[in-house]
Amino acid sequence: MCGIIGYIGGGDAAEIILGGLKRLEYRGYDSAGAAFLADGKLQVMKKQGRVEKLSPLLKGVDARVGIGHTRWATHGVPSDINAHPHRAGGFAVVHNGIIENYAELKAELILGGAKFLSDTDSEVVAHLLQKNYNGDLVFALRETVKVLKGSYALMAICEGENRIAVARHKSPLIIGYGADGNFCASDEPALAGLCNTITILEDGDIAEITSGGVKIFDKFFKPVSRLKEPNLAVSASLGLDGCPHYMLKELRETPLSVEATARAFGGVKDSLRKELDGIERIILTGCGTAYHAALIGKRYIECFARIPAECETAGEFRYKNPVINNKTAVIAVSQSGETADTVEAARLALSLGAKVIAVTNSHRSELTRLATVVVPVAAGPEICVAATKSYTGQIAALYLTAAVLAGESVYSECAEKIEKIPALLTRTLEDLDMRSLAHICASSSGVYFLGRDLDYAVALEGSLKLKEISYVPGEGYPSGELKHGTLALIDVNTTSVVIITDEGLAGKSENAVEQVLSRGGKVAVITNIAEVEERFSGKLPVTYLPKCDKLLSPLLSAVAVQMLAYKAAAVLGREIDKPRNLAKSVTVE
Ligand code: F6R
């Protein structure tokens, strides 16, 4: 998944494309590139690494038409050659998505004499455009997409034509209408500050963009008009508020995220109750951190509403021929609302007759457009690739969703309980000192997060966060599973972080602590139970959290494991906000 932007008009195309690419870096930062038409001639510049490395190459470009790309590598290593745009003769193309049948198309094109330079799937599109061209770029693009399988948002330019041709299938693409020209982009943030009105293209659409206007064709190549909407993306760049990284800033915004999410929930509770009336089964889905929030949501639903609930990662759910009918609700959890697997899981659920509830921080995304009801997560913009405040916001939203399903009195009780959490989170953030444990984890060969029930769900998230930003290997395990395999990995170089917030299960998790200690492994405990603290204090590093309602304790322990990951990554000098190989928004499978 990559970020793409195009511009045609009276302005400085190089400056506009560069600005857009900077705003799009959250979609990938393996390489950046741009193509321009200057005096009718195609110029292509590209460079491995961040957008800032592309910037010097664009100096002196004097063009009114351009397309740009920031890459998250899927096919071919990050390199100058594999960077987009890809070129064939006078044609240049940028692509977000995956061309699944690229190998066979490439073989055919090579037989026809095409010379490929890159290892990417996308380069076939440039060669196909060249092959299909009969003097009309839009026609060539139409012929090209007919043979493509997979997902794509494409932008193409060619020598001799003063326009941009675009097409979309399963990957988002929008058009922006500016005062001095028109734009296209993979999402709204790319166009922040550039235009006030946008159109979100539909699957199968192809469009021609000139400085004077936009023509859109549907999948049958019939001219169509699509809705024009206000561009909601804000151009103000978000400051760090004195923090060295966005991750720390965003972690500190967790109390606000929970508070605002709980407040926003009031606006949706009645429609949610209405849509979920009569539902007999609920499936929660999402990817990565969002999936970990869904695991907690499942527990809430079963605990409050006693409706059978299951949880499946979206990438698995899609391909398992799920048993779904109109008595099923699928809750799709996603910060961005654009994650390809989650969006496709939602689409599949709808096609099988289920209601889809989107729990998302992005209030105008592919997922929100599809959903039967949107439960807002009001975390605000999250810049750091690693999710923090959006995860806690998702947990809060799922807690209230489950409470609504259980009826008004449970809901009122839960709404009151969650109101107390922001203050406890503020206290937690003020008191947390993870520095020495972070040093221990940073020098460990493996870090294992253990817990039972809800603590296990948080253990999974703690492990993901630590791996993601510090690159220290490890796993999250249910404490009870330790002795069934993982214990073999424990030695003096490993650290186990045991989360214990459930009084009823504390004794069981304490066993896990003893088992690791007796095999020589280092152990640390995160707890809010005084007896557990007393038992281990002075013998092991113990992080003591404020006491809160048992079901809401993941909100506090999540902040503890996120802070631990942050500090460990800082000890190791990692690039915390942009970890290697990752991107914030994962719009490909
Ligand atoms: C990890 C992280 C990812 C995302 C996942 C889903 O810190 O951020 O695991 O949670 O890529 O993204 P969304 O929530 O946008 O669907």
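Me: Why is arginine 369 called partly exposed?

Reply: In this predicted model, arginine 369 has a relative accessible area of 38%, and because the partly exposed class lies between under 20% for buried and over 50% for exposed, arginine 369 belongs to that class.

Me: What makes arginine 369 and glutamate 366 a salt bridge?

Reply: The closest N and O atoms of arginine 369 and glutamate 366 are 2.9 Å apart, and since the rule asks for a side-chain nitrogen of Lys or Arg within 4 Å of a carboxyl oxygen of Asp or Glu, the pair qualifies as a salt bridge. Being three residues apart in helix H12 (residues 366-370), the two are separated by about one helical turn. Glutamate 366 is buried, with a relative accessible area of 9%. Salt bridges that share partners also join Arg168, Asp203, Glu344, Arg347, Glu366 and Arg369 into one network.

Me: Why can residues at such a spacing in a helix point the same way?

Reply: An α-helix has 3.6 residues a turn, so residues three or four places apart point the same way. A further example is lysine 146 with glutamate 143, both in helix H5 (residues 137-146) and three residues apart, about one turn of the helix. The closest N and O atoms of lysine 146 and glutamate 143 are 2.9 Å apart, and they form a salt bridge. Lysine 146 counts as exposed, at 52% relative accessibility.

Me: How do you know that lysine 269 and aspartate 270 meet in a salt bridge?

Reply: The N to O distance between the side chains of lysine 269 and aspartate 270 is 3.8 Å, and because the cut-off is within 4 Å, the pair is counted as a salt bridge. Lysine 269 is buried, with a relative accessible area of 16%, whereas aspartate 270 counts as exposed at 52% relative accessibility. By the rule for salt bridges, the count for the model comes to 43.

Me: What makes the length of helix H1 agree with expectation?

Reply: Helix H1 (residues 13-24) has twelve residues, which at 1.5 Å a residue should span 16 Å, and its end C-alpha atoms are 16 Å apart, so the two values agree. Aspartate 12 caps the N-terminal end of H1, with a side-chain oxygen 3.1 Å from the backbone nitrogen of alanine 14. Among the buried residues of H1 are Ile16, Ile17, Leu21 and Leu24, and the buried residues of this helix pack against strand E1 (3-9), strand E2 (31-38), helix H2 (51-54), strand E4 (65-71) and strand E10 (181-185).

Me: How do you know that the buried residues of H18 line one face of the helix?

Reply: In H18, the buried residues are Ala506, Ser509, Glu510, Ala512, Val513 and Val516. Seen down the axis of H18, these buried residues fall within an arc of 150°, so they line one face of the helix. What covers them includes strand E21 (446-451), strand E23 (494-500), strand E24 (522-527) and helix H19 (530-536). Just after H18, glycine 520 takes a positive phi of about 85°.

Me: Why is threonine 501 called buried?

Reply: Threonine 501 has a relative accessible area of 6%, and because buried means under 20%, threonine 501 is placed in that class. Threonine 501 is in the loop between E23 and H18.

Me: What makes the approach of threonine 501 to aspartate 455 a polar contact?

Reply: The side chains of threonine 501 and aspartate 455 are joined at 2.6 Å, and since a polar contact needs N or O atoms within 3.5 Å, the pair is counted as a polar contact. A second polar contact, of 3.0 Å, joins the side chains of threonine 501 and serine 553.

Notes. Residues numbered from 1 in each chain as written. Predicted model: local features only at pLDDT ≥ 70, side-chain atom pairs only at ≥ 80, totals over all residues. Heavy atoms only, no water. Buried < 20%, exposed > 50% of the residue type's maximum accessible area, 1.4 Å probe, protein only. Helix = DSSP H or I, 4+ residues; strand = E, 2+ residues; numbered from the N terminus. Arc of directions from axis to C-beta. Contact = heavy atoms within 4.5 Å. Expected span 1.5 Å × (residues − 1). Polar contact = N/O pair within 3.5 Å; in protein donor to acceptor, adjacent residues only side chain to side chain.
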